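Some comments on the model follow, as numbered points. Please read them with the coordinates open.

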Amino acid sequence: MRVPSFYRYAGALRLLGVFLVGCIVGGVVLHSLFVAKFEAMYNTVYGLEAKLGQYEADIAKLKQYKNQHTVIKSIQIRVLEESTRSARLDRMTETELVKRVKEDLSILLGRSIYDIDADANLVRKLLESKTYEDVSGKDYAIELKTVLLADNVLQVWMTVRVKAKPPA
C-alpha cells in the first residue's frame, strides 16, 4: 500500500488554514460588537431603572405633601458638565452619586421653605467635604456649587472630582 504524497494537497491545506483563521477572526469581531452593544444597552437600562425609581419616589413624596404648600416636596440634583469631563464619570457612576447625595439631603424633605436658613448650616456641615467611597471602585469628593429653592423643589448643582486613595 502506498501513502499518497502531500505535495499535491499543500495548496488545499493552506486554503483550509486561511479559511479557519478567517472564521476565528470573524467570530472574535462579531463577538466584540455584540459585547459593545450589550454593554451600551445595559448602561441605558441601568439609567432608565434609576430614573424610574426616582420618579416613583417623587410621586410618593408628592402624594405625601400634596396638601402642604410651603414645604420642600422634592430634590433635584444635577452634576455640572465641567466636573464630568475632568472626572470621566460614566452614567452608572453619576447615577449612583446622585442617589447617595439625594439620600443625604432627604432630611430636608417636608421641611418648611421659610425655615430653610436654619437647616443651611446643617447641610453645609453634612456635605462640606464629603467623600463618597467605593462608587464603581473609586472615591469621589463632591462640592455643592449652587442650591436653589423654587416651586417647592430644592435644586442642587454639584461638581464631582476623583479623590485619590491614601497609600496603604
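1. L105 touches I75, I77, V123, L127 and V156, leaving out residues up to four places away in sequence. Contact here means heavy atoms within 4.5 Å. The model is predicted, so local features need pLDDT of at least 70 and side-chain atom pairs count only at pLDDT 80 or more, while totals for chains, interfaces and linings use all residues. Residues are numbered from 1 along each chain as its sequence is written, and side-chain values use heavy atoms, with hydrogens and water left out.

2. L105 is also one of the residues that touch the most other members of the largest nonpolar core, along with I77, M158 and V160. That core has 23 residues. A nonpolar core is a set of buried Ala, Val, Leu, Ile, Met, Phe, Trp, Tyr and Cys residues joined through side-chain atoms within 4.5 Å. Two or more residues come from each of β1 (74-79), α3, α4, β2, β3 and β4 (153-163). Helices (H or I, at least four residues) and strands (E, at least two) are DSSP runs, numbered from the N terminus.

3. Helix α4 covers residues 116-127, and its 12 residues should span 16 Å at 1.5 Å a residue; the end C-alpha atoms are 16 Å apart, which agrees. The expected span is 1.5 Å times one less than the number of residues.

4. Which residues of α4 are buried? They are D119, V123 and L127, and they lie on the same side of α4 because they cover an arc of only 60° around the axis. The arc is that of the directions from the helix axis to the C-beta atoms. An α-helix has 3.6 residues a turn, so residues three or four places apart point the same way. The buried residues of α4 pack against α3 (91-105), β2 (131-135) and β3 (138-150). D117, A118, R124 and K125 are exposed on the other side of α4. Buried means under 20% relative accessible area, exposed over 50%, and partly exposed in between (1.4 Å probe, protein chains only).

5. T95 is in helix α3 and counts as partly exposed, at 21% relative accessibility. Beyond its neighbours within four places in sequence, T95 is in contact with Y46 and A50.

6. D139, in strand β3, is buried, with a relative accessible area of 11%. The D139 side chain reaches the backbone nitrogen of D134 at 3.0 Å. Outside four places in sequence, the contacts of D139 include T131, Y132, R161 and K165.

How values were computed
Polar contact = N/O pair within 3.5 Å; in protein donor to acceptor, adjacent residues only side chain to side chain.
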